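Dear colleague,

Please find below the structure I am handing over to you. My notes on its core and its aromatic rings follow it.

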Amino acid sequence: IDIVLDVNEYSLVSPILISTNKTTSTYISRTIRTNFKYTNIYLELDAIIPDSTTVIPYISSNQGYTWEPLINPTSYLINGNDQTFRYTYNNVLSQLTNIINEVGNITQATRNYLTIRIDLNTKSDNKPIVKGYKAYTT
């Protein structure tokens, strides 16, 4: 197991959220070169997601060239005072990913990089808040 990113409410300057008068927001982490090639991604995301809002995490294994949504999370309440839930994604990925090589051609390579993207959306006055996340690769 390679703990790639650990971003919690204490290491964030502020929570990941949607600005006033906006309906969407996107957070993109820095790109990390992993210690090992990987085909599994495990993401724990701590968030408040009210009705009429969504939080959708994506991963990129090719430094942001393409994005893959993480799907089918499990969830449980971790703070009843503000209704913070931990959403856990455990996704199996293909062994190879598309990359752009030095001359601009698309080729395939093993997964050695990880970038996290989190899209937040709302259709009401409610706003989702992401307090932190951890990403593991195997």
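**Aromatic rings and the nonpolar core**

Tyr136 is buried, its relative accessible area being 17%. Please bear in mind that the model is a predicted one. Tyr136 belongs to strand β13 and is paired with Tyr42 of strand β5, 94 residues away, so the pair links distant parts of the chain. The two ring centres lie 5.5 Å apart with the planes at 55 degrees; because edge-to-face requires over 60 degrees and stacked under 30, this pair is classed as tilted. Tyr42 itself counts as partly exposed, at 28% relative accessibility.

In total there are three aromatic pairs. Another of them joins Tyr27 and Tyr133, whose centres are 5.9 Å apart and whose planes meet at 65 degrees, so the pair is edge-to-face. Tyr27 is in strand β3 (residues 24-28) and Tyr133 in strand β13, 106 residues apart. Tyr133 is buried, with a relative accessible area of 3%.

Tyr133 also belongs to the largest nonpolar core, which has 24 residues. Together with Leu45, Leu114, Ile116, Ile118 and Val130, Tyr133 touches the most other members. The elements giving two or more residues to this core are β1 (2-7), β5 (40-48), β6 (53-60), β9 (84-92), β12 (113-122) and β13 (129-137).

Which residues does Leu114 contact, leaving aside its neighbours within four places in sequence? Among them are Val4, Ile32, Tyr38, Ile41, Ile59 and Ala135.

Finally, Arg117 lies over the face of Tyr58, 4.0 Å from the ring centre.

With kind regards

Conventions: Residues are numbered from 1 along each chain as its sequence is written. This is a predicted model: local features need pLDDT of at least 70, side-chain atom pairs count only at pLDDT 80 or more; totals for chains, interfaces and linings use all residues. Side-chain values use heavy atoms; hydrogens and water are left out. A nonpolar core is a set of buried Ala, Val, Leu, Ile, Met, Phe, Trp, Tyr and Cys residues joined through side-chain atoms within 4.5 Å. Buried means under 20% relative accessible area, exposed over 50%, partly exposed in between (1.4 Å probe, protein chains only). Helices (H or I, at least four residues) and strands (E, at least two) are DSSP runs, numbered from the N terminus. Contact means heavy atoms within 4.5 Å. Rings of Phe, Tyr and Trp (its six-membered ring) pair if their centres lie within 6.5 Å; planes under 30 degrees apart count as stacked, over 60 as edge-to-face and the rest as tilted. A charge sits over a ring if NZ of Lys or CZ of Arg is within 6 Å of the ring centre and within 35 degrees of the ring normal.
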